[in-house]
Amino acid sequence: FGNDTVWNYRTFRRLCQDTRGDGTLTPIYDCSEVDRWNEYTNWRDELCCSNDPEFDGISACNYTKCSDDPTVDKIIRDTFMKKFTIEYGFTPPTEQPFGIFLMDVDAQEDISNP
């Protein structure tokens, strides 16, 4: 498995693919995206509940979580995403990955997959 391939890390990569609510499959992604999503949502929730002036007049925080208001998400993506990317070193996924392991040897070994 991966014997003839040079990998950047000394770990096995794990690829995942989720099924959306409408039955369609997400693109194949590296399962580590789940950890990145969790890191991003923790950062986002702290930001929403921090009383930042960008959120004046908007109910950005719902207890300790960001509200579901699309305006809040737009402000975060338009105003704060560059800061997040610089601070954490990655751009977060645009939708929540669930980390359903892809049980397909051919896909796991295919170097063209992420």
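How many salt bridges does the structure hold? The structure holds 5 salt bridges, a salt bridge being a side-chain nitrogen of Lys or Arg within 4 Å of a carboxyl oxygen of Asp or Glu. Side chains of opposite charge can pair when their charged atoms come close. The model is predicted, so that local features need pLDDT of at least 70 and side-chain atom pairs count only at pLDDT 80 or more, whereas totals for chains, interfaces and linings use all residues. Residues are numbered from 1 along each chain as its sequence is written, and side-chain values use heavy atoms, with hydrogens and water left out.

One of the salt bridges joins the side chains of Arg 20 and Glu 95, with an N to O distance of 3.2 Å. This pair links distant parts of the chain, 75 residues apart. Arg 20 lies in the loop between strand 1 (15-16) and strand 2 (29-30), and Glu 95 lies in the loop between helix 2 (70-88) and helix 3 (105-109). Helices (H or I, at least four residues) and strands (E, at least two) are DSSP runs, numbered from the N terminus. Arg 20 counts as partly exposed because its relative accessibility is 31%; Glu 95, at 38%, also counts as partly exposed. In these terms, buried means under 20% relative accessible area, exposed means over 50%, and partly exposed lies in between (1.4 Å probe, protein chains only).

A further salt bridge is formed by the side chains of Glu 33 and Arg 36, at 3.7 Å from N to O. Both residues belong to helix 1 (residues 33-48), where they are 3 residues apart, about one turn of the helix. Glu 33 counts as buried because its relative accessibility is 18%, while Arg 36 is partly exposed, with a relative accessible area of 31%.

Lys 65 and Asp 45 form another salt bridge, in which the closest N and O atoms are 3.8 Å apart. Here, too, distant parts of the chain are linked: Lys 65 is in strand 4 (residues 65-66) and Asp 45 is in helix 1, 20 residues apart. Lys 65 is partly exposed, with a relative accessible area of 47%, whereas Asp 45 counts as buried at 8% relative accessibility.

Asp 45 and Lys 65 are also linked with Arg 44 in a network of salt bridges. Arg 44 is placed in helix 1 and counts as buried because its relative accessibility is 18%. Its neighbours within four places in sequence left aside, Arg 44 is in contact with Trp 37, Cys 66 and Ile 76, contact meaning heavy atoms within 4.5 Å.
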